[in-house]
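Colleague: I am new to this structure. Could you take me through the terms used for it?

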Amino acid sequence: MDSQPAAPADVDVLTRAYTDLVGRAPAGVWAAPGRVNLIGEHTDYNDGFVMPFALPQRVTVAAGRRDDDTWRVRSLNGNLTETFDRADLVPGMDGWQAYVAGVVWALDEAGHRVGGADLVLTSDVPIGAGLSSSAALECATLAVLADLDDLVIEPMERAKLARRAENAFVGAPTGQMDQAASTLCEAGNALFFDCRSFDVEQVPLDLAGAGLELLVLDTRTPHALVDSEYAARRQSCEDAAAILGVSALRDVPDLESALAQLDDEVMRRRVRHVVTENQRVLDAAERLRAQDYRGLAPLLDASHASMRDDFEITVPTVDLAVRVATEAGAHGARMTGGGFGGCIIALVDQGRSDAVALAIAEAFEASGYGPPAHFVGVPSAGARRLR
């Protein structure tokens with residue numbers, strides 16, 4: 001079993017790496033975090049509500065200007081270096097550097113023509129765990145380029161540009177939550193986010209003050225069928241909304257009446273998940289405002305049951321992890337993220353995360369699964385300049 005404590009990148013190491021690469025000190029060092037979603041899955045593309053918070057794990061970038069239209073990007077994770085120029089900014093670019101190039105492209109498309117730059121980065125956001133490592137890279141890059149070129153871009157507009165980089169340049173059909181969380185979150189808070197209006201509210205999440213903590217456990221389950229299944233879920237929701245005569249499932253006024261209008265049982269289950277999950281986000285926001293953190297527990301449990309039974313996006317490792325977490329003393333637990341693998345979260349008493357994670361690891365070994373990894377999720381700050 002691996003424990004993955006929050007370990008922000010060493011700014012001095014990055015500064016030295018940049019100096020070795022370029023021959024001079026960087027203009028600055030910037031960072032943007034990954035995120036975990038406290039509650040609200042597959043509600044985003046239904047114009048609903050979500051509640052993520054930023055993690056201490058982040059992408060950190062040392063950067064400086066160049067005097068040409070070239071961008072050189074070096075990742076200390078794997079010692080990889082890629083270079084591209086403006087002529088290479090074509091949507092569909094392959095490789096990890098596409099997330100950086102996509103931000104340059106999105107800025108250009110929006111009328112913010114930025115100059116070349118050298119960027120040296122490192123990341124401790126787990127990749128493939130559903131914690132938005134790609135959004136962290138995009139938002140860190142956007143913070144770098146905006147500052148280097150003295151661009152005045154409001155935080156939500158930055159989040160929108162980062163999303164455009166991922167949607168239109170990289171080609172990943174994500175919603176707005178990931179980039180909004182990486183840009184807008186504040187330390188000690190969850191972000192109550194309306195995916196239709198883009199209104200946000202910082203909601204205090206002081207779990208430690210209530211004697212609690214949030215275990216984040218990566219099942220390390222390879223994602224399978226994500227693209228096709230995601231598309232099927234989204235299409236089912238859109239078809240149901242059309243039948244019900246609403247613009248999105250967020251607008252369903254009465255669940256029982258809506259279900260009575262649908263003949264297809266699968267579609268009924270999909271609708272039930274989205275409508276009830278939206279309500280769970282609203283209920284969670286109320287409980288956080290009242291500092292009723294233990295009151296989150298039944299909402300987490302109900303969210304997981306809904307994802308498992310109605311939306312059918314969990315997998316055996318995830319279900320096992322949630323069940324064992326509860327048996328080991330977690331107050332509530334659920335899968336977090338888009339599904340078919342990835343992470344679970346569990347609300348546990350302060351200091352109990354390692355013990356609960358150990359119980360899950362033992363259950364995984366007994367079932368023939370590989371070892372999971374875990375850490376305590378601490379609500380942290382969004383994209384910012386560090387130096």
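Predicted model: local features only at pLDDT ≥ 70, side-chain atom pairs only at ≥ 80, totals over all residues.

Colleague: Why are H3 and H4 called oblique to each other?

Modeller: Helix H3 (residues 133-148) and helix H4 (residues 155-170) pack at an angle of about 125 degrees. Roughly perpendicular covers 65 to 115 degrees and roughly antiparallel begins over 145, so H3 and H4 count as oblique. Their axes are 9 Å apart, and the crossing is right-handed.

Colleague: Which residues of H3 meet H4?

Modeller: In H3 they are Ser134, Ala135, Glu138, Cys139, Leu142, Ala143, Ala146 and Asp147. Their partners in H4 are Arg158, Leu161, Ala162 and Glu166. By class, this contact has seven nonpolar, one polar and four charged residues.

Colleague: What makes helix H5 largely enclosed by the rest of the structure?

Modeller: A residue is buried under 20% relative accessible area. Eight of the eight residues of H5 (residues 177-184) are buried, so the helix is largely enclosed. Met177, Gln179 and Leu184 are among them. The buried residues of H5 pack against H3, H4 and strands including S2 (28-39) and S3 (49-65).

Colleague: Which residues have the most contacts inside the largest nonpolar core?

Modeller: That core has 69 residues, and those with the most contacts inside it include Leu38, Phe84, Leu145 and Leu288. H3 gives the largest share, 10 residues. Beyond its neighbours within four places in sequence, Phe84 is in contact with residues including Trp71, Leu89, Met93 and Val104. A second, separate core of 42 residues includes Ala241, Val275, Leu320 and Ala357.

Conventions. Residues numbered from 1 in each chain as written. Heavy atoms only, no water. Axes fitted to C-alpha atoms, helices over the stretch in contact; angles between N-to-C directions. Helix = DSSP H or I, 4+ residues; strand = E, 2+ residues; numbered from the N terminus. Parallel < 35°, antiparallel > 145°, perpendicular 65-115°, else oblique. Left-handed = near helix turned anticlockwise from the far one by under 90°. Contact = heavy atoms within 4.5 Å. Nonpolar A, V, L, I, M, F, W, Y, C, P; charged D, E, K, R; others polar. Core = buried A, V, L, I, M, F, W, Y, C linked by side-chain atoms within 4.5 Å. Buried < 20%, exposed > 50% of the residue type's maximum accessible area, 1.4 Å probe, protein only.
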